[in-house]
Amino acid sequence: MSLYGRAYRGVWRLRAGEWGTRFFSEAAVMASRERLPLAEQVAYQTRRLEALLTYAHAHVPFWRARLDQAGVDPHHVRLPDTLLALPLLTKAEIRAQGQALVAKPNGTGRLIANATSGSTGQPLHFWQDERFAIASHASRLRYRRWYGYDFGERIAFLWGAHRDTRIRGAREWLRRALRREQWVNAFRLDAAQMQQFAALLNNWRPVMVVAYPAALHAFARQVLQHGLRIHPPQAIECSAEVLWPEQRQEIEAALRAPVYDVYGSREFGSVAAECASHAGLHIFTDNQVLEVIRDGRPAQPGEIGEIVITGLTSFAMPLIRYQTGDLAVLDEGPCACGRTLPRLAQVVGRTNSVIALPNGRLVHGAFFSHLFRGQFGLAQYRVLQPALGEIQILLEGDDTLTPERLASIAATVRTQLDSVVTVSATRVAHIEPLPTGKMGYLISQVPVDLAGQTA
Ligand SMILES: [Zn+2]
């Protein structure tokens, strides 16, 4: 760690007072638990879950009714049975209940409002507290330390969510400058933004880069195309969208640094992250209980299901068996790194980034990513499913995308999709990122409910 980084961390720690002390000590405690035997991890989770359910039962009438109805005694928790006895919590329920889900009286300090970006519909509002914020920041520091980064080092963001990139006033600017964070907006990654980002990497030399994979991939392609030389950071963290293998490959080639895939959300903070073994994402069992559910039962390892999370630090507004809308596959067996935290083999996408065919087959983004990989003259693609029997493919690229070639692509896709849908392929001038800055390669309007409960 650099001298400035070390000094900065010391000063920050003093200034942050109790908050800072708890932040660093929680990160250290989390790190110390990563290699405990699995049974100890489960015992710890069980105690934490008991505390959460007891609190929810005492302070939120909605949860008291739901726990009582399911016959769950919050003081006697068994994993996974206790959770499996409870229904899933849907986003529609949260919208309908609103403030009724907030714990009253609030014994957890000041409430902090948060919301999802709403990339797939209206934003969802919820409340968190200081305990959540500290645990969430500590967890992030814990896994970034796996990558050789520590608090106070230079870190650059290529990020898009409006809420994160907006700087509110001089104080925030100063805070970020001191904290050694630099942000480049991934909303509109034009030539000027790309140059700004290249200059940032080469002149400011961040230890770590955090980015949306699609935006960083677009940047990486420019770097490779123009033969630019980029000062390599120590690590690259990709999150907020699915990271495809070819994106990882090209980003690593362009920036000459390892890419780590991280899964998280506004509702729960960081949830799972890759270690240096790059063999799936370790789940942060100290902050949440993560289930992968298929048709109302736990999915088998290797089987796609929906991620359902219980936030162990979500006291302000308990989220118990929350249907995330994200799809993943669980892994099994030990990781070469020696950590015993269980792993997701892969996060597959959101439920609306999966196509359900009329014959019941599920097709996820990897199918198209694989199909379009290495297609000459193709810059960008987006696949839409406006109705069950209809697939539209938008392609951005050069003049080699002739009407004949488009027809041939459509025919190939139709065959591969069991010829049960109509497929069109259209060349477009430009494919815009979604309002959140994310790319959205596959967007379905036909809801899939893998978890087996209708929202
Ligand atoms: Zn590992």
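Student: Which strands does helix H12 (residues 365-372) lie across, and how do you know the angle to E17?

Tutor: H12 lies across E17 (378-387) and E20, and runs at about 145 degrees to E17. Touching means C-beta atoms, placed from the backbone, within 7 Å.

Student: What am I looking at, and how are its residues numbered?

Tutor: It's a predicted model, where local features need pLDDT of at least 70 and side-chain atom pairs pLDDT 80 or more, while totals for chains, interfaces and linings use all residues. Residues are numbered from 1 along each chain as its sequence is written.

Student: What makes E19 and E20 stand at the edges?

Tutor: The open sheet of four strands has the order E19-E18-E17-E20, with mixed pairing. E19 (422-427) and E20 (442-444) each have a single partner strand, so one side of each has no neighbour in the sheet. From one strand to the next, the twist averages 15 degrees.

Student: How do you know that E18 and E19 pair?

Tutor: Pairing takes at least two DSSP bridges between strands. E18 (residues 390-397) and E19 have six, in the parallel sense, so they pass. Within that pairing, Gln392 stands opposite Ser424 in E19.

Student: Why is H13 called a helix, and how does its reach compare with what is expected?

Tutor: A helix is a DSSP run of H or I with at least four residues (a strand is a run of E with at least two), numbered from the N terminus. H13 has 14 residues, so it qualifies. Its reach from first C-alpha to last is 20 Å, close to the expected 20 Å; that expectation is 1.5 Å times one less than the number of residues. Just after H13, Asp418 takes a positive phi of about 60 degrees.

Student: Why is Ala85 called partly exposed?

Tutor: Count the other C-beta atoms within 10 Å: 20 or more is buried, 12 or fewer exposed, and in between partly exposed. Ala85 has 13, so it lands in the middle class. You'll find Ala85 in the loop between helix H4 (81-84) and helix H5 (91-97). Ala85 touches Ala70, Gly71 and Val72, leaving out residues up to four places away in sequence.

Student: What makes strand E3 (residues 155-159) mostly covered?

Tutor: Five of its five residues are buried. Ile155, Phe157 and Trp159 point one way, while Ala156 and Leu158 point the other. E3 runs parallel to E4 (residues 181-185), with five bridges, and Leu158 stands opposite Val184 there. Four bridges join E3 to E5 (residues 208-211), also parallel.

Student: How do you know that the protein chain agrees with a compact globule?

Tutor: The rule is 2.2 Å times the number of residues to the power 0.38, compared with the radius of gyration over C-alpha atoms. For 455 residues that comes near 23 Å, and the chain has 23 Å, so the two agree. Its C-alpha trace spans about 65 × 55 × 45 Å along the principal axes, and buried residues make up 41% of the chain.

Methods. Axes are lines fitted to C-alpha atoms, for helices over the stretch in contact, and angles run from 0 to 180 degrees between N-to-C directions. Two residues are in contact if their C-beta atoms, placed from the backbone, lie within 7 Å.
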